[in-house]
Amino acid sequence: MLLLSSVKGAAAAWLAFASVVSGLGQERIISFNSSTSGSLQIAGGAVSKGQILVSSNDYWGVIRAAGDLAIDFGRVTGTNYTLSNGNSSSKPAAYVYNPVNNMNNTYYTTLATTQFNGPAYSEPSPKDVVVIAGTVGHSAVIDSLISSKAIDVSSIQGKWESFTSQLVKKPVPGCPQALVIAGSDPRGTIYGIYDVSEQIGVSPWYFWADSPVRQQKNIYVLPTKKVQGPPDVKYRGFFLNDEQPALTNWVATHWQDTPYGAGYGPAFYSLIFEVLLRLRANYLWPALWGSMFEVDDPGNQPLADAFEIVLGTSHTEPLMRAQNEFGHFYKGPWAYNLNNATIDDYFRYGVRRAKPYARNSLWTMGMRGTGDTAIEGLGVDHIVSMLETLVKNQREIMSTGLGVANIANITSVPQMWCLYKEVMTYIFAGLQVPDDVTLLWADDNWGNVRRLPLLNETSRAGGAGVYYHFDYVGDPRDYKWINTIQLSKTAEQMGMAYARGADRIWIVNVGDMKALEIPISHFFDLAYDAEMWGGDNTMAWAEAWATREFGPQYASETADIMMKYGMYANRRKYELVEPETYSVINYNEADAVLQQWSDHVAQAQAVYDKLDAAAQPAFFEMILHPALAGLIVHRVYIGGAKNMLYAGQKRNAANDVINEVLSASNDDAALTARWDALLGGKWAHFMDQTHLGYEGYWQQPMRNTLPAMSYVQTQFVSLAGHVGMGVEGSNATVQGDDQYHANSGNNLALPPMDPYGPSTRWFDVFSRGTKDCQWTASPWQPWVKLSQTTGTVGPSGDGDTRVYVSIDWPAVPTGYSSTVNINITTPCRGLDRYGYSAPMVQVPVVNRLVAGNFTKGFVESDGHISILGPHYSAIVPPSVNSNVTYHTFQNYGRTGSGVGLVPQNTEKLSLSTAPALEYDVYFFSNSTAASVTVFMSPSLNYLGDGMPLEYGIALYPQGSSGSPATMVRPVGNTVGANMPDGWGYAVADGVWGRVGNYTTSRFAVPQEGAYTLRIWALMPGIVIQKVVVDMGGVRPSYLGPPESFLVGRDTLGQYNQTSFLTEVGTVGGGGGGGKCKRSLGRA
């Protein structure tokens, strides 16, 4: 089961030696010193140029990977090793195939036989052999070692993608000792080979991310037998999608066009296949929108087979045919009810073309509408019936085309049906899927699984899998520029999928792939070893990844940067950030967000500056560039918000903000230019994707544009004078009139202050005129303290001042409850004095304390109580014995962490069988309808609408017998292709609860006093990030009010509470949560 101590222990054990080994999460077999007795030196010392030995009868892909290892030794030591098959004068291994005639794609014919050549062989040199690699049953040398009992492969034989490696003395004549790698199948052998590559210091991302290779003179193999595999998930792959403009532009500038488009041919795909295998993945959905994988170049499909990549096609491309093939080469509509004969012929051709490569094929079944859309013009019942007939026909076509003995034996051919978007609802409408076909459930395109196996589905022969997204084009908006993935969210969602048995296929949409190296690595490592990297081991994974890519010296700091970035970028995708996203007047939210990003860039830049020059390009590509990009985007949009606020207040500084936003735009362009120039332009065009200027429409803008801003005419003074004043929580300005306060009113009130609330409030004094003006602020009470009592504002806006108001609480009379005025005066009065009197800031002050017997719990202030989900007072166990409890998911959600049920495969509970979270709270106000909003992660009804997400919630006076729970089902039904009501807001906001009343319940709070808030989550998918009780004082913001004062934790006069950055546990904040956490947290 995930999330238990054994998982934590596995990751901790790996990290214990992470500083001396580069293989991420792999059992150590390589050392760079001779301290371990019995080790074999394979580089340095007497080894001047080692040799890798394979057998000529092994798979071409194994021999090719062995050639990579020979080159990898050269990358590390400076001298390439040689490759031999033990025979003299051997020609390179050849993968022979008959290319399809891609000029006629409706009638199957092939062209003259051709071949892919493997790496060059050198003359045998047994004394130099340091590594022997081969596949059991397909390698003469390995089979000979098995026969002589020199190696024992019983632990891997017959298993999927497994290998064993060990030192063997005198493995072949003339070789005193070598590392022998034996694979259960070709990919098992390949993973064993690349295990050595990774551990000697060659990252899987050496090409795609320019990961530095650390030079080593001496390399040793440890005297330990290693057995690895099978992977936890059988098929692990990614989908190249939405590849225009970035990937296609890059491909088009590197390779000659094919007859049908950009140069998506073997030269490109060989780089894709290699990185998949180095990442211990095995499965690919090729690019589809502007290309046709099997047609663009006749070498593509056989090359995948040669590399030992399992080829598939996306959810909209059945039976190994690219989406664009039908429209290019066939007549009639893509509608099975109208054109089934033509479509069946289309399928037959696809099967015939793929037959030579069937061993490495995973067949997509079913059918959707044209161009990644739903089938149109038919009722659901008719669609279900038609699809069942369609799949029956597809299987007959496959049986005939593949030469399977009979239709019953088609069950041995790997098949999957991707239940994407509307297709999922057909299952609910009664669609029958053959038992051997894998049900590939999909997320909602935003990283939230829509459906997982029910108990009665776990025994299906075909099993289940998940199609996940790191990139998407569609509602509510595209996100396909750069990485915006929170690794902890991936671990939580995919951990739940694995726990429920969705372990046959994991495939993730990676868009252009470039810029998503980190989440891709994490996804594949989760899929390969869910037990090691699941749960809260994401921080440990990040540190291990950073160690592999950049070395141990800065790994901890780099991992912290990675985890912070995932939180900041994922709380709202860049494409969805707008001027109104973060509040510039409430809870200091926008400034706190900018502060986080600025600190993040400073931290990333500091590490970058300390790295060797060889490591800086990779660090820039994967760590520093996204940090800089994220800060720039938020400068643009928060600047746009400040401009609109300042322009409404008629501040001169509104124009300065325009210039600041223009400067940010220039910085954005310069950052793209820096990217394009990196390494001589190696990655130019990968940042072509537009990302500024989305305007209420999901599709990408055709050009980056800035938000609308307003310019203030500064040649003349404001009608209300040279000096203006605005306060926290309001758009209004005095002196003068505007829509935000009463006409002729010259007083603005700050939000209230009490001992349990924010330590400061603020007001701004600013220029609205044409000359320098002095101002003075004078409180009516001596215990009202100001950060500044006088200053000068001028036309340039340089003197605009934010004045912070604080209270000397010991000096405030006990029980005081009134408003204190602050006079704002200036001698700089002209004709405005005839229309407007001097303004005042009003400070509501309430000096109150909780009852003496309230010793722990959150306290109301400013008309609300705000609580971070994991800060519960207690877990109340259910009335029945159960191993179900609550677990804190670290580095998760929008600001810090979330709390949800474990084990993650728990079936839906009831109030009597579910544990409850209990929060102690204290109210000063009373209300007949206090609104309690639970900010929970945007999960969906993953067990179906018949078993929806649900929680119970109750609020009642402490010491009472309690009150009946209000039952809440936040997620509505899925109807057809439509998502549940409110889903678009939930995924954009990163929570249910910010928009709408989906997670809001109302309770009576009849009098002041202590209360108990109790929440029963009935399913693991409910992960609570924050709870806000609104007594009428909550103001608009994105992240909600900062966490309230907690008696028993916080100290009066010390707890800041001015923004979410001061919360205890906020990642990147100053309230004790500055650094990301690696522990499992409280359970």
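Helix 16 (residues 538-550) packs on helix 19 (residues 616-648) at an angle of about 155°, and their axes lie 11 Å apart. The model is predicted. Helix 19 also packs with helix 18, and helix 16 also packs with helix 14.

**Helix 16 with helix 19**

- The angle of about 155° is over 145°, so helix 16 and helix 19 count as roughly antiparallel.
- Helix 16 contributes W545, E549 and F550 to the contact.
- Helix 19 answers with A618, F619, M622 and I623.
- By class, the contact residues of this pair are 6 nonpolar, no polar and 1 charged.

**Helix 14 with helix 16**

- Helix 14 (residues 517-528) meets helix 16 at an angle of about 115°, with the axes 11 Å apart.
- The crossing of helix 14 and helix 16 is right-handed.
- On helix 14, the contact residues are I518, S521, H522 and D525.
- On helix 16, they are T538, W541, W545 and R548.
- The contact of helix 14 with helix 16 divides into 3 nonpolar, 3 polar and 2 charged residues.
- W545 of helix 16 takes part in the contact with helix 14 and in the contact with helix 19.

**Helix 18 with helix 19**

- Helix 18 (residues 589-610) packs against helix 19 at about 160°, with axes 9 Å apart.
- Helix 18 is therefore roughly antiparallel to helix 19.
- The crossing of helix 18 and helix 19 is left-handed.
- Residues in the contact of helix 18 with helix 19 comprise 17 nonpolar, 6 polar and 4 charged.

**Aromatic pairs**

- The structure contains 67 aromatic pairs.
- One of them joins W334 and Y346, whose ring centres are 5.5 Å apart.
- The ring planes of W334 and Y346 stand at 75°, so this pair is edge-to-face.
- W334 sits in the loop between helix 9 (323-329) and helix 10 (336-354), while Y346 belongs to helix 10.
- The pair therefore ties together parts that are 12 residues apart in sequence.

**Backbone features**

- D475 and P476 are joined by a cis peptide bond, with omega near -10°.
- P476 lies in the loop between strand 18 (464-469) and helix 13 (487-499).
- The peptide bond from V902 to P903 is also cis, and its omega is about 0°.
- P903 is found in the loop between strand 33 (896-902) and strand 34 (916-923).
- K170 is not a glycine, yet its phi is positive, at about 50°.
- K170 falls in the loop between strand 8 (163-169) and strand 9 (177-183).

**Annotated domain**

- An unreviewed UniProt entry lists residues 857-1043 as "domain: Gylcosyl hydrolase 115 C-terminal".
- Over residues 857-1043, the chain is 41% strand and 4% helix.
- The end C-alpha atoms of residues 857-1043 are 12 Å apart.

Note on methods. Residues are numbered from 1 along each chain as its sequence is written. This is a predicted model: local features need pLDDT of at least 70, side-chain atom pairs count only at pLDDT 80 or more; totals for chains, interfaces and linings use all residues. Side-chain values use heavy atoms; hydrogens and water are left out. UniProt positions are given in the numbering used here, feature names are shortened, and annotations may be inferred rather than shown by experiment. Helices (H or I, at least four residues) and strands (E, at least two) are DSSP runs, numbered from the N terminus. Axes are lines fitted to C-alpha atoms, for helices over the stretch in contact, and angles run from 0 to 180 degrees between N-to-C directions. Angles under 35 degrees count as roughly parallel, over 145 as roughly antiparallel, 65 to 115 as roughly perpendicular and the rest as oblique. Contact means heavy atoms within 4.5 Å. Ala, Val, Leu, Ile, Met, Phe, Trp, Tyr, Cys and Pro count as nonpolar, Asp, Glu, Lys and Arg as charged, and the others, Gly among them, as polar. A crossing is left-handed if the near helix is turned anticlockwise from the far one by less than a right angle, and right-handed if clockwise. Rings of Phe, Tyr and Trp (its six-membered ring) pair if their centres lie within 6.5 Å; planes under 30 degrees apart count as stacked, over 60 as edge-to-face and the rest as tilted.
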